[in-house]
Amino acid sequence: MLRPKIPTMPTPTGFSTSPAVIQPTTVIRNAEPSPAPAPSRPTIQLTPSTALALVGGGTAVVLVLGAVLVSLLLAVAITGASVAVCAVVLRSLLASDAKRR
């Protein structure tokens, strides 16, 4: 009743095809060199204003990332200090409670 029924793999029927025979081909080398392909994208030329814009953008990215990292470090430091203060207060409360008994 609780035995699973495993399907049996039926035997293949019909005609089977034989594998195709691959014939080797000869490679004919061309004596004339082919012309060099044209570049697919145009060359970018940096003007002084473009270079200044790139430097300004890079500086802005560095400043923003620095501010984010410093703020994360400050948040971790503040959290650690508050946990330390809580631990000292709890220890003091537990010690004073034990002295009263």
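How many helices and strands are there in the chain? The chain has one helix and zero strands, where helices (H or I, at least four residues) and strands (E, at least two) are DSSP runs numbered from the N terminus. This is a predicted model, in which local features need pLDDT of at least 70, side-chain atom pairs count only at pLDDT 80 or more, and totals for chains, interfaces and linings use all residues. Residues are numbered from 1 along each chain as its sequence is written, and side-chain values use heavy atoms, without hydrogens and water.

Let's follow helix 1, which covers residues 48-100. From first C-alpha to last, its 53 residues reach 78 Å, close to the 78 Å expected at 1.5 Å a residue (1.5 Å times one less than the number of residues). Helix 1 lies largely in the open because the number of its residues that are buried is zero (buried is under 20% relative accessible area, exposed over 50%, partly exposed in between, with a 1.4 Å probe and protein chains only). Across the chain's 101 residues, buried ones make up 0%.

Now look at valine 64, which sits in helix 1. Valine 64 counts as exposed because its relative accessibility is 51%.
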